Amino acid sequence: MSGLRYVYAVCRPFGTPLPRQLTGVGGVPPKQLVHHGLVAVVGQVPEEDFAEQPLRAHLEDLDWLGTTARAHQNVIDALTVVTSPLPLRLATVFRDDSGVRAMIEQREETFLRTLDRLDGRVEWGVKVYSESTETSGEPEASVDTGARPAPSPGKTGSGRDYLRQRRNQRKESEEKWERAEQFSRRLHESLSGYAEDTRIHAPQNAALSRAPGRNILNAAYLVPRAESEAFVELVDRTKDDAPGLRVELTGPWAAYSFSGEDA
Amino acid sequence: MSGEAPKKAGAGRSRLDLEPDTVERDLIKLVLTVVELLRQLMERQAVRRFDTGDLSEDQEERIGLTLMLLDDRMAELRDRYGLRPEDLNLDLGPLGPLLPRE
Amino acid sequence: MTVVERREVALVDLLDRLLAGGVVITGDLTLRIADVDLVRIDLNALISSVNENVPAPWEEML
């Protein structure tokens, strides 16, 4: 088999076969490479795209990145149905099968330990957004003072009016922020009760997500499969708790946020 | 800033179009971002002092007018270079954005 | 009104996990023709807007 080896995940041997028509990166069906009692899920990829130079270039192309990420996730999703895979970072590529085997040997203990920890668990992502204020019907401005006050003619008192308006806007903004934080804190606390482990991530990049509003909470929760339904219901129940806030749930994911060695 | 628009496709517009000149536009963005940062800081200071009653009526009026004019001027400059308010920001990586997003 | 939305996975959610989550096979290894090695991914080469956790290539901005 020529070409390079793209490794999606490492898992314990699982009985249920993967769907026959499952494809991954490059439209290629993944195969299982078994070594030392561990399974590496591997796909063959062309060298002209995945050697260091072309790969580096591709990784700066958001379109290519998006296509590859979705194809990659397709495989991880299929794995998550039948097992609790240890997902690898995007574009972990080896020269050939022996390279993959060497990697497994090198990290055998860590893999076994992590797989034990993650067995039977999935990750749920919860984000809280503060909806944008529409005080003057303008789209949200980048400055924290909210919409700009309408330009005033230069009469006496207009300078003070401006300050007053700005002051009121800031107060409103601060109160909104406080409410959002309080809500997020309470939500995180109650969700943590159902989760074995949690991670708070940095607020998501607004430019990339183009999600309206400001991301207040961006958290991941490690939940045993058996608890997932209750977890989702709990998130659903928060929908009436806070006006002006939006809660987004994603999942179930493989335990991306909990795969690290320091986890 | 010269009054001559660069010759290129669609150069019939009277407004200076800096679109193709990324380096210059990036510099302008950077400069305006810094100015915007200062403007926000000053405004925040002024509002705080206004709130605590630290200023005389006359000071409030003068400072308020100055800030208002500054705000208008920033809007003009943004418009001139086709920049939206959210364009004036810097991503400091792990430190987050320079200016608050809202 | 707060709304819980479970929509089709947004690219940003995907990239956040695939680029910053999961196991990193570390070691300063680059692809060598003769050997069994890894492709090193320099995440810093990505536009910094892709992931806030990735330090911005500060030098490139100025």
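Good morning, colleagues. Please keep in mind throughout that the structure is a predicted model.

I begin with the overall composition. Chain A contains eight helices together with nine strands. Of its 263 residues, 40% are buried. The contact pattern may also interest you: if we take contacts between residues at least 6 apart in sequence, 76% of them join residues at least 24 apart.

I turn next to the domains. How is chain A divided? Domain 1 covers 4–119, while domain 2 is made of two segments, 122–137 and 150–258. Between the C-alpha centres of these two domains the distance is 33 Å. As for the contacts across the boundary, seven residues of domain 1 meet six residues of domain 2. Which element gives the largest share of the domain 1 side? That element is helix 3, residues 62–82, which supplies three residues. In terms of class, the domain 1 side that touches domain 2 consists of six nonpolar residues and one polar residue, with no charged residues.

Gly251(A) and Pro252(A) are joined by a cis peptide bond, with omega at about -5°. Pro252(A) belongs to strand 9, which spans residues 245–253.

The other two places concern phi. His36(A), a residue other than glycine, has a positive phi near 50°. This histidine sits in the loop that links strand 2 (31–35) to strand 3 (38–45). Is His36(A) buried or exposed? There are 10 other C-beta atoms within 10 Å of His36(A), and a residue with 12 or fewer counts as exposed, so His36(A) is exposed.

Ala91(A) also has a positive phi, about 60°, and is likewise not a glycine. Its loop runs between strand 4 (86–87) and strand 5 (93–94). Is Ala91(A) buried or exposed? Here the count is 24 C-beta neighbours inside 10 Å, and the threshold for burial is 20 or more, so Ala91(A) is buried. To set the two side by side: His36(A) is an exposed loop residue with positive phi, whereas Ala91(A) is a buried one.

To close, I return to the division of the chain: domain 1 and domain 2 have centres 33 Å apart, and helix 3 provides three residues to the domain 1 side of their contact. Thank you for your attention.

Terms used. Residues are numbered from 1 along each chain as its sequence is written. Chains are lettered from A and ligands numbered from 1 in the order in which they are written. This is a predicted model: local features need pLDDT of at least 70, side-chain atom pairs count only at pLDDT 80 or more; totals for chains, interfaces and linings use all residues. Helices (H or I, at least four residues) and strands (E, at least two) are DSSP runs, numbered from the N terminus. Two residues are in contact if their C-beta atoms, placed from the backbone, lie within 7 Å. Domain bounds come from an automatic or database domain assignment. Ala, Val, Leu, Ile, Met, Phe, Trp, Tyr, Cys and Pro count as nonpolar, Asp, Glu, Lys and Arg as charged, and the others, Gly among them, as polar.
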